[in-house]
Amino acid sequence: MLWFLAFLLLSPEAPEFEAIASTGTSVGTVVAVANDQVALETIKGKITYRTSELLRIRRRGAAPVEAPTTGVWVELTDGSSLVGRDYQAHGAEAVFTSAAGQTIKLPLRVVSMVRLHSPTPRLAEQWAEIADGRRVSDTLVLRKQSSLDYFNGVLGNVGADSVSFDTDGEKVDVKRSRLEGFFYASRPGADKMPAALCAVVDRSGSRWQAATLVLAGDAALAGKVLTLTTPAGATVSLPWAEIDQLQYNVQYLSDLKPEVVEYTPFLAGDKTSTAEHRFHQPRFNAGQASGQLRLAGVSYDKGISLFARSELVYRLPERFSQFQAIAGLDGLSNVDARARLVISGDDRVLFDQTIVGATATPLSLDLRGINRLKIVVDFAGGEVLDRVNLCDPRLLK
């Protein structure tokens, strides 16, 4: 009888999830999700975790939904970041179509930014500059070949082909094909939202910040949904079949997509080939040469590997209080290797140190009130190919 129950639990209709908590790890079928606890049915029986001890609930085995290469990228005022097929808005309501084709209605007041083209390194820095700071009006961003231009005014309806915009009393309908995207004016009270309980990540990479959430029934059965309320006040119901993971008290920086990625050769005038440029790109959750992240003889699953001189800029998706990591030179670097590591938050330097030899340096940086995190690995008189590994780079609430 026991083998039959185990077979049912592990059948295709009952997807396996892995629960990672401070008290241990287990694998099974998620049967309950609430604000204060999550329960899994395992071969050893039912295991219930308090959300205060959970780090992550992660789906096992299922291939992710292919994120669209064309579509929309949407941010909400609470830090939720969404990837989907389409975005439209009429009156006080926005309609977002997910990568899986689900139509989700949102109050317009919770939408902060919409991007209509896939982010590219060439335009990332310009977009980040436009995005900075509070805005007293809506902003329309136009793409002009290799540069961006923007206008302040009032956004109207967003249709399938055009966006209505009022600038200085003149109303125009701008074709979506001409736009990079747009920003809505900062909403009052955005800094007084409740804290997120966790981040809900779907299989296409959308991240919903959740202040409350509940699973409607037994997740082992088809058609069940996870209903969440974001800190901004939007209520959304997502098919459990599309959920990839619930991230609780920790977020690995290496699992987030940086807003800016830049590599600068040792000699500023050097032109690098496509192959060289690809070789010097950052590695996320992998080492540069061996494919494995190593520091002082220890291997890590999570981390970022960066050549000098590299720069990453992250827009933090929610309120975090601390950044922790272990920094050091890649295990394959020379014993005399050295590189300078500078970490800044909103242009305030949080850490600035030259990393030397085989030492591993633990980091614990205060992130309270910080919206953007910048990481720079620079030359420090060592080898041109010196690289720094940031292992277990965690954002903590």
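Which residue stands opposite Leu238 in strand 20? Leu226 does. The model is predicted; local features need pLDDT of at least 70, side-chain atom pairs count only at pLDDT 80 or more, and totals for chains, interfaces and linings use all residues. Residues are numbered from 1 along each chain as its sequence is written, and side-chain values use heavy atoms, with hydrogens and water left out.

Strand 19 (residues 225-229) pairs with strand 20 in the antiparallel sense, over 5 bridges. Strands are DSSP runs of E with at least two residues, helices are runs of H or I with at least four, and both are numbered from the N terminus. Two strands pair if DSSP finds at least two bridges between them.

Helix 2 spans residues 121-131. Its buried residues are Leu123, Ala124, Trp127, Ala128, Ile130 and Ala131. These residues lie on the same side of helix 2, because they cover an arc of only 155° around the axis. The arc is that of the directions from the helix axis to the C-beta atoms. Buried means under 20% relative accessible area, exposed over 50%, and partly exposed in between (1.4 Å probe, protein chains only). The face turned away from the buried side of helix 2 carries the exposed residues Arg122 and Glu129. Trp127 also takes part in a contact with a charge: the charged end of Arg115 sits over its ring, 4.3 Å from the centre. A charge sits over a ring if NZ of Lys or CZ of Arg is within 6 Å of the ring centre and within 35 degrees of the ring normal. The charged end of Arg135 likewise sits over the ring of Phe183, 4.4 Å from its centre.

Aromatic pairs come to a count of 4. Rings of Phe, Tyr and Trp (its six-membered ring) pair if their centres lie within 6.5 Å; planes under 30 degrees apart count as stacked, over 60 as edge-to-face and the rest as tilted. Tyr87 and Phe182 form a tilted pair, 6.1 Å centre to centre with 55° between the planes. Tyr87 lies in strand 7 (residues 81-90) and Phe182 in strand 15 (residues 179-183), so the pair ties together parts that are 95 residues apart in sequence. The rings of Phe182 and Tyr184 have centres 5.8 Å apart and planes at 90°, so this pair is edge-to-face. Tyr87 and Phe182 are both buried, and Tyr184 is buried as well. Tyr87, Phe182 and Tyr184 form one aromatic cluster.

Backbone geometry was also examined. Most residues other than glycine have a negative phi, and most peptide bonds are trans. The peptide bond from Ala308 to Arg309 is cis, with omega near -5°. Arg309 is placed in the loop between strand 27 (303-307) and strand 28 (310-315). Asp346, not a glycine, has a positive phi of about 50°. Its place is in the loop between strand 30 (338-345) and strand 31 (348-356). Asp346 counts as partly exposed, at 38% relative accessibility. Asp392 has a positive phi near 50°. Asp392 is found in strand 34 (residues 387-396), and at 22% relative accessibility it counts as partly exposed.
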